[in-house]
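Please look through the sequence and the three-dimensional model shown here before reading on. The report that follows takes up helix packing, the ligand and the loops in turn.

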Amino acid sequence: MNIKGIIFDLDGVLVFTDKYHYRAWKAVADELGVYFDETINNRLRGVSRMASLDIILERYEGRPLSAGEKAVIAEKKNGLYRQLLAEMTPADVSEEVRDTLKELRGRGCRIALGSSSKNARFILERTDLTDAFDAISDGNNITHSKPDPEVFVKAAEFLQLAPEDCLVVEDAQAGIEAAIAGGMHSAAIGDAVHCGLAEYTLGSIVELLQIV
Ligand code: BG6
Ligand code: MG
């Protein structure tokens with residue numbers, strides 16, 4: 001296998017923003033009087049903001065909400081989330097992540113981001129990671145969220161590589177499904193290891209150096 005490009009998910013792979021998503025959604029859910037816990041939060045992994053809201057609203061017992069009302073709720077969550085993201089610093093990215101990205105590039109791999117988040121560039125800026133990427137595909141350049149492969153297909157296009165020459169690194173089952181649907185190689189880390197769908201499983205990001 002000759003991997004020419006590596007497409008990284010962001011949340012849960014390179015940075016750990018799940019806790020911020022949880023705190024922001026929890027505040028919104030409490031205000032709506034909807035039950036929300038860490039288990040439900042796990043279902044939001046890799047899922048777009050509006051699809052995440054729909055999952056949370058599965059337990060909402062009030063009258064159906066209009067698209068406009070949902071947009072206001074999602075905007076409120078995002079405001080809270082961005083306040084938490086603004087506190088992030090380069091120290092929120094481990095040396096292991098930085099060294100692995102650098103080493104992969106040194107071996108001639110092209111590096112892309114493939115994240116459902118519309119806040120991806122903000123997170124990369126806060127953590128001083130932007131320059132580690134040759135291309136960025138995120139929630140702003142897609143119309144279909146994972147498990148649709150669009151975000152990864154775009155990332156491969158931005159790298160000017162064929163899908164079969166790319167390896168996707170993901171912590172969400174939806175992301176592994178998206179990689180497979182896009183015809184790419186896949187490596188699971190964290191939560192996604194348990195779905196058993198990925199071609200490779202990683203205990204830690206540095207193990208990528210044994211694959212590539
Ligand atoms: C993904 C997260 O990276 O981004 C999801 O795993 C989140 O939980 C999605 O819903 C969208 O994020 P944002 O920042 O656009 O609201
Ligand atoms: Mg993720």
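## Terms and basis

Contact, as the word is used in this report, means heavy atoms within 4.5 Å. Helices (H or I, at least four residues) and strands (E, at least two) are DSSP runs, numbered from the N terminus.

This is a predicted model, in which local features need pLDDT of at least 70 and side-chain atom pairs count only at pLDDT 80 or more, while totals for chains, interfaces and linings use all residues. Residues are numbered from 1 along each chain as its sequence is written, chains are lettered from A and ligands numbered from 1 in the order in which they are written, and side-chain values use heavy atoms, with hydrogens and water left out.

## Helices H3 and H4

In H3, the residues Arg 49, Met 50, Leu 53 and Asp 54 meet Lys 70, Ala 71, Ile 73, Ala 74 and Asn 78 in H4. Sorted by class, this contact of H3 with H4 has 5 nonpolar, 1 polar and 3 charged residues, where Ala, Val, Leu, Ile, Met, Phe, Trp, Tyr, Cys and Pro count as nonpolar, Asp, Glu, Lys and Arg as charged, and the others, Gly among them, as polar.

Helix H3 covers residues 49–56 and helix H4 residues 67–85, and the two pack at an angle of about 105° with their axes 10 Å apart. Axes are lines fitted to C-alpha atoms, for helices over the stretch in contact, and angles run from 0 to 180 degrees between N-to-C directions. H3 and H4 are therefore roughly perpendicular to each other (angles under 35 degrees count as roughly parallel, over 145 as roughly antiparallel, 65 to 115 as roughly perpendicular and the rest as oblique).

## Helices H1 and H4

The axes of helix H1 (residues 18–32) and H4 cross at roughly 140° and come within 8 Å, which makes H1 oblique to H4. On the H1 side the contact includes Tyr 20, Trp 25 and Val 28, and on the H4 side Ile 73, Leu 80 and Tyr 81 are among the residues.

## Around ligand 1

Of the 15 residues around ligand 1 (those with a heavy atom within 4 Å of it), Asp 11, Val 47, Ser 117, Lys 118 and Asn 119 come nearest.

## Two loop residues

A cis peptide bond, with omega about 15°, joins Lys 146 and Pro 147, and Pro 147 is placed in the loop between strand S3 (135–137) and helix H7 (150–159).

Asp 128, a residue other than glycine, has a positive phi near 60°, and its place is in the loop between helix H6 (120–126) and S3.
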